[in-house]
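Subject: Structure handover: ligand site, cavity and pocket

Hi,

Here is the structure for you to look over.

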Amino acid sequence: MSPPIPRLATVSEIRDALAPVHRRGASVGLVPTMGALHEGHLSLIRAARETNDVVVVSIFVNPTQFGPNEDLERYPRDVEGDSRKCAETGADLIFSPSVEEMYPGPHSTWVEVEGLTAGLCGRSRPGHFRGVCTVLAKLFNICRPDRAYFGEKDAQQLAVVTRMVRNLDFPVQIVPCPTVREPDGLAMSSRNARLTPEERAQAPTLYRSLRAAQERIRAGERDAAALEEIIRSVLTEAPLAEIDYVEIVRADDLSPVAILTGDCLMAVAVKFGGTRLIDNLRVSA
Ligand code: AMP
């Protein structure tokens with residue numbers, strides 16, 4: 001058992017804790033999360049541990065990135081388990097503010113990244129990335145990290161945050177980390193815990209559909225519509241899955257492609273009942 005690490009709940013506490021760290025020129029790595037931590041999150045913490053003097057994990061279920069009919073209230077939470085996992089993985093500090101602490105109000109300032117947020121999850125979750133970017137801008141200002149770690153599982157989020165940091169000159173390096181999967185291929189997600197046993201059994205179909213398309217690309221297929229059709233047909237093998245989107249886009253600007261060339265991203269979003277799962281695979285053609 002690792003000794004517990006400080007869990008700070010206010011902006012002034014985390015600022016006070018990090019002030020001497022910044023003063024002595026030590027590096028800070030930030031891992032922003034919404035908690036209910038799993039191996040995917042822990043891989044980010046490990047990556048941060050490797051390169052930074054101090055590792056901060058933020059745990060905040062950010063209400064501004066949830067739509068009115070989304071799962072904010074039902075989002076899984078596990079404060080004690082998260083604290084233990086952060087300590088065991090070598091994090092130094094947890095920042096877990098309340099909603100009132102992060103949004104004392106009146107809150108009327110938002111960070112909006114245009115273009116990149118038009119398709120994929122941005123289309124089905126209007127306002128989602130505005131909430132994500134705004135809370136990240138706040139976390140960057142509060143913690144002043146040298147590096148911040150993000151999973152490639154949320155590929156659009158990674159692209160959007162990278163653009164925001166470049167456009168607004170945040171002095172932070174965005175570090176992408178590979179998607180961590182269950183042995184059956186399902187991308188790890190806090191939301192997986194909410195799947196029924198039947199839904200959980202069908203959930204690996206997301207990754208299987210992407211792999212099927214990848215095989216066809218290896219066999220020479222370059223037509224995006226044909227590849228999207230393959231993905232859809234594999235997804236229909238999961239009768240409980242309701243497809244939100246299947247899209248193939250350019251990896252750099254997330255614009256739709258008709259014929260695959262260069263680095264592309266095949267991305268899917270599927271709903272199992274009230275639980276929305278996403279996955280993606282990067283391919284080079
Ligand atoms: P979340 O708590 O879902 O907001 O995720 C926090 C961070 O962990 C984000 O940067 C995610 O992309 C990343 N993450 C979530 N799941 C995984 C995974 N399976 N593999 C790698 N990173 C992940």
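A cavity here is a set of grid points, over the protein atoms alone, where a 1.4 Å probe fits but cannot get out. Its volume is the space filled by probe spheres set on those points. Keep in mind that this is a predicted model.

**The cavities**

By this rule there are two cavities of 30 Å³ or more. The largest cavity has a volume of about 840 Å³. Its lining is made up of 48 residues. Met34, His41, Lys153, Asp154 and Gln157 lie nearest its centre. By class, the lining of the largest cavity has 24 nonpolar, 17 polar and seven charged residues. Several elements each supply at least two residues of this lining, including β2, α2, β5 and α7. The largest share comes from α6, with six residues.

**The ligand**

Where does the ligand sit? In the largest cavity. The elements giving two or more residues to the shell around the ligand are β2 (28–33), α2 (39–51) and β5 (147–151). Of these, α2 gives the most, with three residues.

There are 17 residues around the ligand. Met34, His41, Asp154, Val180 and Met188 come nearest. The shell splits into eight nonpolar, seven polar and two charged residues.

- His41: a polar side-chain atom lies 2.8 Å from an oxygen atom of the ligand.
- Gly151: a backbone N or O atom lies 3.0 Å from an oxygen atom of the ligand.
- Val180: a backbone N or O atom lies 2.8 Å from a nitrogen atom of the ligand.

How much of the ligand's accessible area does the protein cover? On its own, the ligand has 480 Å² of accessible area, and the protein covers 94% of that.

**The largest pocket**

The largest pocket holds about 420 Å³ of space. It is lined by 20 residues. Nearest its centre are Ala155, Leu158, Ala159, Ala251 and Arg282. α7 (155–168), β6 (173–177) and β9 (275–284) each supply at least two lining residues. The largest share, six residues, comes from α7. By class, the lining of the largest pocket has eleven nonpolar, three polar and six charged residues.

α7 and β9 also each supply at least two residues to the lining of the largest cavity.

Best wishes

Technical notes:
Residues numbered from 1 in each chain as written. Predicted model: local features only at pLDDT ≥ 70, side-chain atom pairs only at ≥ 80, totals over all residues. Heavy atoms only, no water. Near = heavy atom within 4 Å. Polar contact = N/O pair within 3.5 Å; in protein donor to acceptor, adjacent residues only side chain to side chain. Areas by Shrake-Rupley, 256 points an atom, 1.4 Å probe, with all protein chains shown as cover. 1 Å grid on protein atoms, 1.4 Å probe; cavity = no way out; pocket = protein on both sides within 12 Å on 5 of 7 lines; lining within 4 Å. Sits in = over half its atoms within 2 Å of the grid points. Helix = DSSP H or I, 4+ residues; strand = E, 2+ residues; numbered from the N terminus. Nonpolar A, V, L, I, M, F, W, Y, C, P; charged D, E, K, R; others polar.
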